[in-house]
Amino acid sequence: EINASLYALKECVRMRRKQIAGERVHVPYRSSQLTRVLMECFIRRDAHMAVIGTVSPSSTDIEHSASTLKTVMMIAGANDGDWTEEREDVAKELAIAQDGSVAVI
């Protein structure tokens, strides 16, 4: 159910952006309980919205973190070409020295 609610939120934000741009569209805020709670954000012209995206530094969560960042960028108004994804291999074992520096073991 959380995925359905997040999809409904993305659709509401996308339609709200089109509405602000001057298009006549319907914002489907009744699609989920989450978007019903946030209804004021979608129907009031003077409403503001803040979004916090939580990502993980773990390499096993890279797909989820990238998806979260893409969603936050979309909500912020970025287009697909506004960002690039870069991947970098990270050493599996790191050591932290007493001076705070990090070294590969």
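What percentage of the 105 residues of the protein chain count as buried? In this predicted model, 20% of the 105 residues count as buried, a term that stands for under 20% relative accessible area with a 1.4 Å probe, protein chains only. Local features need pLDDT of at least 70 and side-chain atom pairs count only at pLDDT 80 or more, while totals for chains, interfaces and linings use all residues. Residues are numbered from 1 along each chain as its sequence is written, and side-chain values use heavy atoms, with hydrogens and water left out.

The protein chain has four helices and two strands, which are DSSP runs (helices H or I, at least four residues; strands E, at least two) numbered from the N terminus, and their order from the N terminus on is α-α-α-α-β-β. The radius of gyration, taken over C-alpha atoms, is 19 Å for the protein chain, well over the 13 Å given by the globule rule (2.2 Å times the number of residues to the power 0.38) for 105 residues, so the chain is more spread out than a compact globule. Along the principal axes, its C-alpha atoms fill a box of roughly 60 × 30 × 25 Å.

Leaving aside neighbours within four places in sequence, Phe42 is in contact (heavy atoms within 4.5 Å) with residues including Leu9, Cys12, Val13, Val27 and Tyr29.

Technical notes:
Buried < 20%, exposed > 50% of the residue type's maximum accessible area, 1.4 Å probe, protein only.
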